[in-house]
Amino acid sequence: MKRFLRDLLRSSWLQRAVGVLAAEYLRLVWLTNKFSYEPADVYDQVEPAMPAILAFWHGQHFITPFIKTKESHRAKVLISRHRDGEFNAIAAERLGIGTIRGSGDHGGAFHRKGGVGAFREMVQALEQGWNVATTADVPKRARVVGLGLIMLARESGRPILPFAMVTSRFIRLKNWDSSTINLPFGRGAVVGIDAVFVPPDADAETMEKLRQQVETYLNEATRRAYAAVGRPEAALG
């Protein structure tokens, strides 16, 4: 039975079906929530800095494809090669977001699960004018920004734009990142914080300070976003 279920979950037709259904559900969520933006002119401020590295907490990742509001906002998102990542990749691509497959940050070590190749592909995407979106957390350590994000900014010369994107109605899962399944028919908020630039000659001490700064900004963005939708108690950390 376990083998049957494993094979079923790996089948391309099921992954495609789940990915498509997930994308259309998220589209419903986006269309039926009234979103506010902080600052109100966030796109006017952000567009001159593009291409940029868009960073957000892992548990808020489901509706982040809708941060893209124009065709000119070309974007790719880093998605793991894990089985669950297949569903996410199919959903993201259906919603108009390109994908880069590989591992995220492991304390700065990118050798696991195709991390080296993914890092290079992110750098290349930024050089080619794509925005790159990625969760900021170290895997299995929620709300801890990984050094890999800082390394990407140093290598590419592009700014990190921390933001939070939440809805007032959601189901919170009891997993490592307290993922929120956003629900339709509520209020939403997008909160952006100041860009973080990493000098090309940044040493270890500077990179650690900037890592902590991004962490602080993401927590502050999350706090403000939940306050904006009337759910201040929902902000974790």
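Predicted model: local features only at pLDDT ≥ 70, side-chain atom pairs only at ≥ 80, totals over all residues.
Residues are numbered from 1 along each chain as its sequence is written, and local features need pLDDT of at least 70, while side-chain atom pairs count only at pLDDT 80 or more and totals for chains, interfaces and linings use all residues. Side-chain values use heavy atoms, with hydrogens and water left out.

An open sheet is formed by 7 strands in the order β1-β11-β8-β2-β5-β3-β4, with mixed pairing. Helices (H or I, at least four residues) and strands (E, at least two) are DSSP runs, numbered from the N terminus, and two strands pair if DSSP finds at least two bridges between them. The edge strands, each pairing on one side only, are β1 (34–38) and β4 (98–101). Neighbouring strands of this sheet are turned against each other by 25° on average, direction ignored; axes are lines fitted to C-alpha atoms, for helices over the stretch in contact, and angles run from 0 to 180 degrees between N-to-C directions. Strand β3 (residues 75–79) pairs with β4 in the parallel sense over 4 bridges, and Ile 79 has Arg 101 as its bridge partner in β4.

Helix α7 (residues 204–228) lies across β1, β2 (53–56), β8 (160–167) and β11 (187–192), running at about 30° to β8. A nonpolar core is a set of buried Ala, Val, Leu, Ile, Met, Phe, Trp, Tyr and Cys residues joined through side-chain atoms within 4.5 Å; buried means under 20% relative accessible area (1.4 Å probe, protein chains only). Of the 38 residues in this core, Leu 149, Ile 160 and Val 214 touch the most other members. Leu 149 belongs to helix α6 (residues 147–156), where Gly 148, Ile 150, Leu 152, Ala 153 and Ser 156 are also buried. Contacts of Ile 160 (heavy atoms within 4.5 Å) include Leu 149, Ile 150, Ala 153 and Val 214.

The structure holds 5 aromatic pairs. Rings of Phe, Tyr and Trp (its six-membered ring) pair if their centres lie within 6.5 Å, and planes under 30 degrees apart count as stacked, over 60 as edge-to-face and the rest as tilted. Trp 30 and Phe 35 form a tilted pair, 4.7 Å centre to centre with 40° between the planes.

Terms used
Buried < 20%, exposed > 50% of the residue type's maximum accessible area, 1.4 Å probe, protein only. Lists of a residue's contacts leave out its neighbours within four places in sequence.
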